[in-house]
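Please look over the sequence and the model shown below. A short report on selected features comes after them.

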Amino acid sequence: MKKIFENKKLIHIIIIVIGIIFISLAGFHNAMWFDESYSVAISNHNFSDIWNIGGHDVHPVLYYWILHIIRMIFGNNIMIYKLFSVLALSILGILGYTHIRKDFGENIGILFSFLVFFLPVNVIYAVQIRMYPLAMLLVTLTAIYAYRIYKNKENKNIKNWILFGVFSLASAYTHYYALAAAVMINLVMLVFLIKNALANKKFTHNLKAFIIVGIIQILAYIPWLIYLLLQAKQVSAGYWIEIKFPGTFIEMFTFQFTGNLETAIYVPNYIAITYGILICAYVIYLFIKNKSSDKDKNRPGKFAILIYGLVILGVSVASIIVGRSILYARYLLCITGLFIFFLSYILGKYGNKYFIAIICVLTLSISTYININLIIENYDSSNEKPIEYIKQNIQEGDIIVYGNEGSAFVVSANFPDVKQYFWDQAYWQVDEAFKAYGPNMEIIHDLEVLKNYKGRIWVINTTNYAIATSLQDELGADIIEKEEFKTAYEDYEYTIALVNLE
């Protein structure tokens, strides 16, 4: 037994195996929330349509393309979509063994893998049909290969340059926070390379290579720039994310550690804050204590936290420019890999083994508590009832009408072949983006469109039957039956009414 604990490679592999199992446990189900429903809906389109529709969303399209490929192979399988997120996070954790360990040592590699798999916020988003685990992986890979190039002053390893360029560009096409991270990594690299060229008084091989790779990246991203500018305009016209000082930054802090966000509180905030402060205080103490004695060797940690900070600063400046905040806690997931590396590097290099053990035990305890609750919620029988109810009772020729509520779009994504009407009473101005929900979905702003319709209508609301009542009052519809559901997953509510128009 003693030999097992002394074999760090074996310990590392055990952590990875257990970690992959751990983050997978809550993912074998078909429940969705609003954002996931959008991912599923847009994946039903072809590559060209995903590009055009995604241009009116608030994210780039690489993740949606990958979901479409998965759909082509496995069909429209919600569980497989969720497990793709698990796969992306698993690969990130494995990097602790294949890359971080080799570049920075056993201790740092082990801690990196451990935190990837057991940092509470990662456990939550590992099983959601969103692009965050993929973005986290791509940004981290970009940083890894940037550092490998930096470490070798005259790096003529073409593979490193190719992988750096590919991961950097892929990051930019996955999420705008990942784009910001890729830009910052490229800029920091450029500054270093220019400084190195000036010191050597020659146009170095690395600087030449960077210019070539940089131009290729820019050219490859130009096709998306028109959509980026369009989306920036849409944000300035009105966006649903608002900044509140200091609340936004407190929320970002608690989210980065435990996933607490808005009404989704996975552990009490006082625990989240205490846990985060404990880790940050100890890491900052170690960083300051060893700053001067090991200046050059601290550069990997400095590089990671510098990029992390520059992204937040850059997004803050962008928020001022567009006049609305795009500083949002959930988007930090794109750069969480950099944050994890910084923690792992400082702890693994300077941390006291007993303090590290305390942090690991706390991390594992909180993530286990959260994962148990996720498993209970995700596999609760209530999650299947709304969709099953409609599936069992819907008839050929029926249509669906729903309003500006998340649960309604979950229904929409589950019935892409049924004619649907989205009554945009809140005027979200999402006509183009919501073409994701299929050619059978039409956005309306009043009920006049249905005045000549004859037949059955399924009406989906969240907390009331307002739309069904409006159909009754304005068009004389008969309400045949009503059902109410509340799911454990995301605490969603469904009020479903079946009405008939003669």
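## Model and confidence

This is a predicted model, in which local features need pLDDT of at least 70 and side-chain atom pairs count only at pLDDT 80 or more, while totals for chains, interfaces and linings use all residues. Residues are numbered from 1 along each chain as its sequence is written, and side-chain values use heavy atoms, with hydrogens and water left out.

The predictor's confidence in each residue is given as pLDDT, on a scale from 0 to 100. For the protein chain the mean pLDDT is 92, and 94% of the residues reach 70 or more. The stretch 236-240 has pLDDT below 50, and beyond near neighbours in sequence it has 8 contacts in the model; a contact means heavy atoms within 4.5 Å.

## The sheet and its helix

Helices (H or I, at least four residues) and strands (E, at least two) are DSSP runs, numbered from the N terminus. Two strands pair if DSSP finds at least two bridges between them. In general, strands of a sheet pair through backbone hydrogen bonds, either parallel or antiparallel.

Six strands form an open sheet with mixed pairing, in the order β3-β2-β1-β4-β6-β5. Its edges are β3 (441-444) and β5 (478-486), each of which pairs on one side only. On average, neighbouring strands of the sheet are turned by 20° against each other, direction ignored. Axes here are lines fitted to C-alpha atoms, for helices over the stretch in contact, and angles run from 0 to 180 degrees between N-to-C directions.

Strand β5 pairs with β6 (residues 493-501) in the antiparallel sense, over 8 bridges. The bridge partner of I479 is V499, in β6. Helix α20 (residues 466-475) packs on the sheet and touches β1 (399-402), β2 (420-423), β4 (455-461), β5 and β6. The direction of α20 makes about 140° with that of β4.

## Two loop residues

Q429 lies in the loop between β2 and β3. Although Q429 is not a glycine, its phi is positive, about 60°. Q429 is exposed, with a relative accessible area of 58%; buried means under 20% relative accessible area, exposed over 50%, and partly exposed in between (1.4 Å probe, protein chains only).

D491 is placed in the loop between β5 and β6. This residue, also other than glycine, has a positive phi near 55°.

Helix α9 (residues 132-151) has 20 residues and reaches 28 Å from its first C-alpha to its last, close to the 28 Å expected at 1.5 Å a residue. The expected span is 1.5 Å times one less than the number of residues. Of the 20 residues in α9, 19 are buried.

V86 belongs to helix α6 (residues 78-104). With a relative accessible area of 5%, V86 is buried. Not counting residues up to four places away in sequence, V86 touches I23, S24, A126 and V127. V86 and I20 are 66 residues apart along the chain, and their C-alpha atoms are separated by 7.7 Å.

## Cysteines

How many disulfides does a search of the whole structure find? The search finds 0, a disulfide being a pair of cysteine sulfur atoms within 2.5 Å. The cysteine sulfur closest to that of C280 is in C360, 15 Å away, so the two are too far apart for a bond. C360 is in no disulfide.

Both cysteines count as buried: C280 has 18% relative accessibility, and C360 has a relative accessible area of 17%.
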